[in-house]
Amino acid sequence: MKENITRKLDELGRIVIPSDFRKKLDVKTGDRLRVELVDNTLILQKSIPTCVLCGKAEDLNYESHNKYICEDCLETILMNAKK
Ligand SMILES: [Zn+2]
C-alpha cells in the first residue's frame, strides 16, 4: 500500500514523520531508522539490530552500547579466547 504526504524540510535537514506512519512502522522516540538513498529516492526503514561481525539478524546474544553479536560469532570469540 502506498501512502504519501509532503513535508517541509527545516534548516537542519529534518522532517517530521507523520504520527500515523510512525505507528504503522512501530517506531518510537529514540528508535533508530535506516536512511538509504536509492537512485533519486530516499528510503527510511525501521532499523533491525544485526550482528556487528557477520550482519545476521537472528540469534543475537550479546548487546553492548547498542551493538549486537550473534551466538555463532560469540562462540567463535570465546573459543579463540580460550586458546
Ligand atoms: Zn555474527
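Modeller: In this predicted model, Asp26 is exposed, because 8 other C-beta atoms lie within 10 Å, and a residue with 12 or fewer is classed as exposed.

Biologist: Where is Asp26 found?

Modeller: Asp26 is found in the loop that runs between α1 (19-25) and β1.

Biologist: Which loop holds Asn66, and what is the phi of Asn66?

Modeller: Asn66 lies in the loop between β3 (60-64) and β4 (67-70). Its phi is near 65°, a positive value in a residue other than glycine. Asn66 counts as exposed because it has 7 C-beta neighbours inside 10 Å.

Biologist: Let us turn to the strands. How many bridges join β1 to β2?

Modeller: Six bridges join β1 to strand β2 (residues 41-46), and the two strands run antiparallel. One of the paired positions is Val35, whose bridge partner in β2 is Leu44.

Biologist: What lies between the strands of this hairpin?

Modeller: Two residues lie between the strands of the β1 and β2 hairpin, in which Asp39 takes a positive phi near 50°.

Biologist: How many residues of β1 are buried?

Modeller: A general point comes first: in a regular strand the side chains alternate between the two faces of the sheet. As for burial in this model, β1 is hardly covered, and the count of buried residues among its six residues is zero.

Biologist: Which strand contains Leu33, and why does Leu33 count as partly exposed?

Modeller: Leu33 is placed in strand β1 (residues 33-38). Leu33 counts as partly exposed because it has 14 C-beta neighbours inside 10 Å, whereas a buried residue would need 20 or more.

Biologist: Which residues does Leu33 touch, leaving aside those up to four places away in sequence?

Modeller: With that exclusion, Leu33 touches Val27, Leu44, Gln45, Lys46 and Ser47. For one of these residues, the separation can be given in both sequence and space: Leu33 and Lys46 are 13 residues apart in sequence, and their C-alpha atoms are 4.8 Å apart.

Biologist: Finally, what domains does the assignment give for the chain?

Modeller: The domain assignment gives domain 1 (1-47) and domain 2 (48-83). Taken over C-alpha atoms, the centres of domain 1 and domain 2 are separated by 29 Å.

Methods: Residues are numbered from 1 along each chain as its sequence is written. This is a predicted model: local features need pLDDT of at least 70, side-chain atom pairs count only at pLDDT 80 or more; totals for chains, interfaces and linings use all residues. Domain bounds come from an automatic or database domain assignment. Helices (H or I, at least four residues) and strands (E, at least two) are DSSP runs, numbered from the N terminus. Two residues are in contact if their C-beta atoms, placed from the backbone, lie within 7 Å. Two strands pair if DSSP finds at least two bridges between them.
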